[in-house]
Amino acid sequence: MAERVEASIPEEGENTIEERHVGSMWELEQKLDQPMDEEATKLNDMYRPEKSLSILVLLRLSFQSLGIVYGDLGTSPLYVFYNTFPDGIEDSEDVIGALSLIIYSLLLIPLIKYVFIVCKANDNGQGGTLAIYSLLCRHAKVSLIPNHQRSDENLTTYSRTLFPEGSFSAKTKKWLEGKHWRKRALLVIVLLGTCMTIGDGILTPAISVLSATGGIKVNNPKMSSDVVVIVSIIILIGLFSMQHYGTDKVGWLFAPIVFIWLLFIGATGIYNICKHDTSVLKAFSPTYIYLYFKRRGRDGWISLGGILLSITGTEALYADIAYFPLLAIQLAFTFFVFPCLLLAYCGQAAYLVNNKDHYKDAFYASIPDSVYWPMFIVATLAAIVGSQATISGTYSIVKQAVSHGCFPRVKIVHTSKKLIGQIYCPDINWMLMIGCIAVTASFKNQSQIGNAYGTAVVLVMLMTTLLMVLIMILVWRCHWSLVLVFAVLSLVVELSYFSAVIFKFIEGGWVPLIIAAISLLVMSVWHYATVKKYEFEVHSKVSMSWILGLGPSLGLVRVPGIGLVYTELARGVPHIFSHFITNLPAIHSVVVFVCVKYLPVYTVPEEERFLVKRIGPKTFRMFRCVARYGYKDLHRKDDDFETKLFNSLFSFIRIETMMEPGANSSTYSSAYSVNQTQDSRDGLVHNNNNNNHNVNNNNNHNDNNNENNNMDMFSSMVDYTVSTLDTIVPVGSPHSRMSFRQSNTVEEEEEDELEFLRTCKESGVVHIMGNTVVKARSGAGLPKKIAIDYVYAFLAKICRENSVILHVPHETLLNVGQVFYV
C-alpha cells in the first residue's frame, strides 16, 4: 500500500501552515485537538534525584573513573616529546621551555577549563557537544525540528532558567532565534565538534597502541617496523572485541591498570629528576615559555603541535562524564592524575637535558633497566586502556546524535542493569576498529598519526569554547565581562595550537578532516531529510473536520481490535491515516495515534513518559498518546512498550471520567442507519465549513464566560452535528454491544469503556507505521539529488527500522508506504 505524494515545503521567509491559522476552521481544529498541557500537569511528580554519595562510594567511583575517563590523557607521556622535537634537540634549554609549555597547558586546559568549568556545563551528568546543544535548545528556540510543546516544560528533568526582559541573556536569546541561518550555524558547530570526537575514536587507539608497542624496538633496533605494526593491529582487534562486555566490567578491569601505570610514571619521574637534573623544576616559571619562543622562533611555534598532544584525551574526559559523578572525576584528576603527569614529564625532561640524542624514545630510554620490561607491559596495557576513554565517549556521542535526529538509527545495547548511561554500539564499534587498523597500517609511525590527532583535538576544543560562550550567557547568565575573559583566554590558547597544527596539514593533519567531512556529510544529510519529513507530516496532516465528517465509524466497518498508528506529530492526524482509511474497507474499533518523541533532556522518568488525550467525541474511540524519551533513554527488549501504553490509556479514562462535570456531556447513541453513509462521508466537510463561522461567533460571544462552560457548549454543538451522520456499525461488534446509554452513571460509563478497551485488546493489536521514502523532486539540483537519492537512500536502507527499535512484533506490524518528494 504505497502512495505518491509530492509536497511543496515552504522556503525560508514564506508563510507556513502553522503561521496561517486563521478563520473558523482553525478554531474548530483547536477545540477538537488541543495540546496536552493539562494532561502534563496532572502527572504525579514521583521523580527523585539521585541521593548524595558517601565518601567511600565516591572514592570507589574516582578509582573506577581512571580506567574509563583518564586512560587517554594518562598515556600522553608515551609520545609527546618525540612529536615536539621530531628533528632532534639542539639546546638543553629548549627542553625546559617545552616542559614549561606542557605544565601550563595541563594547568589551563584540562584542570581549570575542563575539569572545573566545562564539565559543570553538563546536562544532568551528560557531557559532549550535543549535551550542550540540548541545554541551549531548552533555553532558546534553536532546534530545527519545531516539535516543542509547552507540556514538555512540565517534565521534572526539563530544567531551564528564565531571563529578565532587557537583560543581556534575553537579548542574546532574541538574536539567536531571530534568523534561521543562525540556528543552522549553531547546529553545524555542534555537528563539527561531534564529528571530530568520532575521529578521536579512530586516532586515539592507533597512536596509543602504536607508541606503546614501539618499545619493543628500543632493545632490538634491527627489528622491522612492520612487526610493531602487526602487534599493534592484533592488540586493536582484541580491544574492540572486548567492548560488548560492557563499560562497567571494562572499567573494573582497566582501572587498576591505569592506577599502576600512573604510579609507575610518577615514581619514574621522581627517580629521573633526582638522578639527572633537578633544575628542570624551574620550568614552573612561565618566563621560560617566552625564552623558548624567542630562541626557536617559527620552529618553536610549530612545535606547539607536539605540545598539544600532552592534553589529548581532555575532550574524551568531557564526553565520558556521563559514566561517573562529576565530583569523582574532579577528585581523581586533581589529586592523582595531574600530579603524576607533572612528575612524568619533569622526569623525561630531566633525562633529555643530559641525553639529547634519545629524543625519539625518550619515554622508554628514561626507564631504569631493572624495571624496563615490567614498565613495557604496563605501558602496553595502559595504551589499551587509553583507547577505552575515547571509545566510550564515542558511544555516548553517537547515542545523543541519534536521539537528536542527526545520525542514522544504529543498534544501541545497554550493558549495565544499574546504570543507564553505560552502552555499547556494535555498528560503531566495528567501524572504529576498521578505521584504527587502516590508520595504523597506512602511517606506521606515531609522528604522522600525532599530527592528525592534534588537529582533531584542537578543533573539538574550539567548538566547545564557542558553545560554552552561549552556555555562560543563556544558562548560567554570567556577566558579559566574565564571558569575555573566558572566551579570550580560551581562544588565545586554542587558536595558537590550531595555527601550529595547520603547518602539519600535509604530514597527517588532513586525516581527521577527511573523517570529519564524511561524518558531517552523513549527519547533515540525515538531519536534513529528518526535518523535511517532519515538515511534510505537519503540512499534510488531516483536518479534524474531515474526520468528524466520517462519523463515529469513520465511514468504515469498525472491526474488533486496537490500531496503533505511529506518527511524528504530537498534534493532528497524520497523512498516512487518511491514506489507510481511503484504501481499506475497515478500521479497528479503537484507534490510538502514537507519537514517539525525543526531547532535549537527558531522560524522561517512567511515570512521566506517556501523555494521553482523547481526539473528538467519545464514540469515535480515538486517542492520542505521546511517548516522550530523553537522549539517554533506551528502548530495551524487556520494556513492554505496548503494555505501558495501554496502562496509561486506562489511567487516562479513569481520570477523565472523574474530572468530567457531567457523565453524558459528550456521549450519544451509536445506532445509525447504513444506507446514506457514503453521502455523509463526501458531503459533511462542506457542511462543517459552512457552520464553522457560527461556531466561531458563538465562542467569541462568550469570551467572558468560564472556560469550562465554553468547552461544554462546544462539545454539545459538535455532538449535535455528528449525531446527524449516518454510519456503519457492524452487528455483533463490541462497538454495537457496548454503546452508551444516557442513563449510565459515571462509574458505569467508566467501567463500560474500560471493558470495551480490554475486549478490543484481546481481539488483537496492530501497529500501523508509515514507511516514507524520500526522493528528490524532478528539477532539483545535482547536489540535492546526490544527497537524497543516493546518500540518504543508502543510509535509510542500512539503518534500523523504527519497528525494530520499539521491538514491535513482526506479525502485528502493518506498513503504509508513501513517497515524499523534496
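Let me start with the salt bridges: the count comes to 15, where a salt bridge is a side-chain nitrogen of Lys or Arg within 4 Å of a carboxyl oxygen of Asp or Glu. Before going on, a word on the source: this is a predicted model, in which local features need pLDDT of at least 70, side-chain atom pairs count only at pLDDT 80 or more, and totals for chains, interfaces and linings use all residues. Residues are numbered from 1 along each chain as its sequence is written, and side-chain values use heavy atoms, with hydrogens and water left out.

Side chains of opposite charge can pair when their charged atoms come close. One of the pairs here is Lys597 with Asp152, with 2.7 Å between the closest N and O atoms. This pair links distant parts of the chain, 445 residues apart. Lys597 sits in strand S5 (residues 586-598), and Asp152 in the loop between helix H7 (129-139) and H8. Helices (H or I, at least four residues) and strands (E, at least two) are DSSP runs, numbered from the N terminus.

Are these two partners buried or exposed? The terms go by relative accessible area: buried means under 20%, exposed over 50%, and partly exposed in between, with a 1.4 Å probe and protein chains only. Lys597 is buried, because its relative accessible area is 3%. Asp152, at 2%, counts as buried too.

Lys532 forms a salt bridge with Glu535, the closest N and O atoms being 3.6 Å apart. They are 3 residues apart in helix H22, so about one helical turn separates them. Both Lys532 and Glu535 are buried.

In helix H29 (residues 746-763), Arg758 and Glu755 are also 3 residues apart, which means a separation of about one helical turn. Their closest N and O atoms are 3.8 Å apart in the salt bridge. Arg758 is partly exposed at 31% relative accessibility, and Glu755 is partly exposed at 41%. There is also a network: salt bridges that share partners join Glu606, Arg609, Asp633 and Lys644.

How many of its residues are buried? The count is 11 of 11, so H7 is mostly covered. Among the buried residues are Tyr133, Cys137, Arg138 and His139. What do the buried residues of H7 pack against? The partners are H8, H9, H15, helix H18 (372-403) and H20.

Two of those partners also pack against each other. Two packed helices are described by the angle between their axes and the distance between the axes. For helix H8 (residues 168-178) and helix H9 (residues 180-213), the angle is about 95 degrees and the axes are 5 Å apart. The axes are lines fitted to C-alpha atoms, for helices over the stretch in contact, and angles run from 0 to 180 degrees between N-to-C directions. H8 and H9 are therefore roughly perpendicular; angles under 35 degrees count as roughly parallel, over 145 as roughly antiparallel, 65 to 115 as roughly perpendicular and the rest as oblique. On the H8 side, the contact is made by Trp175, Leu176, Glu177 and Gly178. On the H9 side, His180, Arg182, Lys183 and Leu186 take part. Contact means heavy atoms within 4.5 Å.

Now some loop residues. Thr312 is in the loop between helix H14 (304-307) and helix H15 (314-319), and at 0% relative accessibility Thr312 counts as buried. Leaving aside neighbours within four places in sequence, Thr312 is in contact with Asp72, Leu73, Ser76, Tyr79, Tyr453 and Val457. Thr312 and Asp200 are 112 residues apart in sequence, with 9.3 Å from C-alpha to C-alpha.

Most residues other than glycine have a negative phi. Arg477 is not a glycine, yet has a positive phi of about 55 degrees. Arg477 lies in the loop between helix H20 (446-475) and helix H21 (480-502), and is partly exposed at 41% relative accessibility. Arg621 likewise has a positive phi of about 55 degrees without being a glycine. Arg621 is placed in the loop between strand S6 (610-614) and strand S7 (622-629).
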